[in-house]
Amino acid sequence: SGKALANGESCGSIKQQLNRLDAKGVPSSVQAEASGKKLSGQQKADADLYNRLLNDYLGARCHV
């Protein structure tokens, strides 16, 4: 069993949000930030959200 999700979040809702961010190209911003590139405010916000959602998704063991 994984960690509990925040109120109102489910594996499905997190996956939907991740899919929307994937469609916007956010993973490339996450990679750019990891390699030391500067991001715009919106890109950074999207990258931070993506990382949080991914951590929640994996932490709750939604992927298994």
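User: Which residue just after H3 takes a positive phi?

Analyst: That is Arg61, with a phi of about 60°. Please keep in mind throughout that this is a predicted model.

User: And what about the stretch just after H1, which residue takes a positive phi there?

Analyst: Just after H1 the residue with a positive phi is Gly25, and its value is about 85°.

User: OK, back to H3. How many residues does it have, and how far does it reach?

Analyst: H3 has 19 residues and spans 27 Å from its first C-alpha to its last, which is close to the 27 Å expected at 1.5 Å a residue.

User: Which of its residues are buried?

Analyst: The buried residues of H3 are Asp46, Ala47, Tyr50, Leu53, Asp56 and Tyr57, and what covers them includes H1 and H2.

User: What is Asp56 in contact with, leaving aside its neighbours within four places in sequence?

Analyst: With those neighbours set aside, Asp56 is in contact with Lys3, Leu5, Glu9 and Ile14. Of these, Ile14 is itself one of the buried residues of H1.

User: Let's move to H1, then. Which residues are buried there, and where do they sit around the helix?

Analyst: Ile14, Leu18 and Leu21 are the buried residues of H1. Seen down the axis of H1, these buried residues fall within an arc of 60°, so they line one face of the helix. In general, an α-helix has 3.6 residues a turn, so residues three or four places apart point the same way.

User: What does that buried set pack against, and which residues are exposed on the other side?

Analyst: The buried residues of H1 pack against helix H2, which covers residues 26-34, and against H3, while Gln16, Arg20 and Ala23 are exposed on the other side of H1.

User: How do H2 and H3 lie relative to each other?

Analyst: Their axes come within 9 Å and cross at roughly 100°, which means that H2 is roughly perpendicular to H3. On the H2 side the contact is made by Val26, Pro27, Ser29, Val30 and Glu33, and on the H3 side by Gln43, Lys44, Asp46, Ala47, Asp48, Tyr50 and Asn51.

User: Changing topic, how many disulfides are there, and which residues are joined?

Analyst: The count comes to one disulfide, and this disulfide joins Cys11 to Cys62 with an S to S distance of 1.9 Å. The pair links distant parts of the chain, since Cys11 is in helix H1 and Cys62 is in the segment after helix H3, 51 residues apart.

User: What is the handedness of that link?

Analyst: The link of Cys11 and Cys62 is left-handed, with -75° about the S-S bond.

User: Last one: are those two cysteines buried or exposed?

Analyst: Cys62 is buried, with a relative accessible area of 14%, whereas Cys11 counts as partly exposed because its relative accessibility is 33%.

Methods. Residues numbered from 1 in each chain as written. Predicted model: local features only at pLDDT ≥ 70, side-chain atom pairs only at ≥ 80, totals over all residues. Heavy atoms only, no water. Disulfide = S-S within 2.5 Å. Helix = DSSP H or I, 4+ residues; strand = E, 2+ residues; numbered from the N terminus. Buried < 20%, exposed > 50% of the residue type's maximum accessible area, 1.4 Å probe, protein only. Arc of directions from axis to C-beta. Contact = heavy atoms within 4.5 Å. Axes fitted to C-alpha atoms, helices over the stretch in contact; angles between N-to-C directions. Parallel < 35°, antiparallel > 145°, perpendicular 65-115°, else oblique. Expected span 1.5 Å × (residues − 1).
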